[in-house]
Amino acid sequence: MPRAFLVVMDSVGVGGAPDAASFFNAGRPDTGANTLGHIAAACARGESEAGRSGPLHLPHLDALGLGAAIRLASGARGEGLDADPDGLWGAAEEVSRGKDTPSGHWELAGLPVPFDWTYFPDTSPAFPDDVVAEVKRLAGTDGILGNEHASGTEIIARLGEEHQRTGWPICYTSADSVFQIAAHEETFGLDRLMALCEGLAPMLHARRVGRVIARPFVGSPGAYSRTVNRHDYAMEPPGRTLLDWVKAAGRTTYGIGKIRDIFAGRGVDHSKTGADRDLMGHLATAVAEAEDGSLTFANFVEFDSLYGHRRDVAGYARHLEWFDAEIGPILAALRPDDLMLFTADHGNDPTWTGTDHTRERVPVVAKGPYSGQIGIRAFADVGASVAAHLGVTSDGPGRSFL
């Protein structure tokens, strides 16, 4: 039986979203945002030379149709990405009203979000009194720190020393529907942080806050760093997804990266986590060992978390080139009837105003027993197409492009 590998390059958007004007970054609409297009242009101008040099070089993904997907989605040139595609290629646009991880992944898996998420206001304080009271009760503390919109690395650097002195958790949010809690793994305790987030999650999920995120860190004042032990306590999808369809057909599913967290564990048989370099190894192992008829669903988050939010164009370019170089041997190891499809869940243009995600179309490029242009499709069509390749029944709104 054929196998499928659905690989989400987190935040690698290609611009062109028709509703971008309805989404904002620091008061500026996302109209014109183009993560991959603007990175390629900056590299071609010689403006992204830190740790790399010259035009953006992604030969494996470009051969499948990545540069062509940029031109289709937004009309941008995609400098350096001008291969004649030999894979299956196109782009997809989202209908869910969030430009966030759960919205993007659920819809790619065939389930558009049927409600509006709850977002916390960009005020100080940002959180309702009863939520703060519940955090204090669960943590056993007299107060919390933060209570605002913030960058995770910035707020840890600013409040980490006070956190270690008082024992109070650092609580913050962003433009996404999230409640994030940062705490020192040693002085606060990793297990205690996880228990706090797990205990708080039901209250916030009932209010349609998508995720409570544990953000552990280590180090000392002036030298704090976040660890790979992040955990997302996500709201369970309100309907069936690709993972459920595959499981219902008696097949095996593998989650790599944040997939188990994003889908609240539902439909995932086996899960591997770690930094992106670890995840690439797990993906290679899945290609070598995954069962016949199985689905491997992977998320590579560091495009977004390390480079997009930090508006680091050169770092983002380096990571793209690393990913492309690593994926080459993995593509070569696929079986003739395997499908490996690359896409993204939203954009995060590192050239853009602010620090939040950007509303964009996403690329859809694949290697497998299919080729040619698929046009601009719906996110949900991705899940329906993967299901069609595996020969399992789908029940979402998506339509297969295979």
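Which residues are exposed on the other side of α10?

## The domain

This is a predicted model. An unreviewed UniProt entry places the feature "domain: Metalloenzyme" at residues 3-392. Over that range the chain is 37% helix and 20% strand. The C-alpha atoms at the ends of the range lie 11 Å apart.

## The sheet

An open sheet is formed by 8 strands with mixed pairing, and their order is β12-β11-β13-β1-β14-β15-β4-β16. Strands β12 (270-272) and β16 (372-378) are the edges, each pairing on one side only. From one strand to the next, the twist averages 15 degrees.

Within this sheet, β11 (residues 253-256) pairs with β13 (residues 295-300) in the parallel sense, over 4 bridges. Ile256 stands opposite Ala298 in β13.

## Helix α10 on the sheet

Helix α10 (residues 276-289) packs on the sheet and touches β1 (4-9), β11, β12, β13 and β14 (339-343). The direction of α10 makes about 165 degrees with that of β13. At 1.5 Å a residue, the 14 residues of α10 should span 20 Å, and this agrees with its end C-alpha atoms, which are 20 Å apart.

The buried residues in α10 include Asp276, Leu279, Met280, Leu283, Ala286 and Val287. These residues are on the same side of α10 because they cover an arc of only 120 degrees around the axis. On the other side of α10, the exposed residues are Arg277, Ala288 and Glu289, which answers the opening question.

Technical notes
Residues are numbered from 1 along each chain as its sequence is written. This is a predicted model: local features need pLDDT of at least 70, side-chain atom pairs count only at pLDDT 80 or more; totals for chains, interfaces and linings use all residues. Side-chain values use heavy atoms; hydrogens and water are left out. UniProt positions are given in the numbering used here, feature names are shortened, and annotations may be inferred rather than shown by experiment. Helices (H or I, at least four residues) and strands (E, at least two) are DSSP runs, numbered from the N terminus. Two strands pair if DSSP finds at least two bridges between them. Axes are lines fitted to C-alpha atoms, for helices over the stretch in contact, and angles run from 0 to 180 degrees between N-to-C directions. Contact means heavy atoms within 4.5 Å. The expected span of a helix is 1.5 Å times one less than its number of residues. Buried means under 20% relative accessible area, exposed over 50%, partly exposed in between (1.4 Å probe, protein chains only). The arc is that of the directions from the helix axis to the C-beta atoms.
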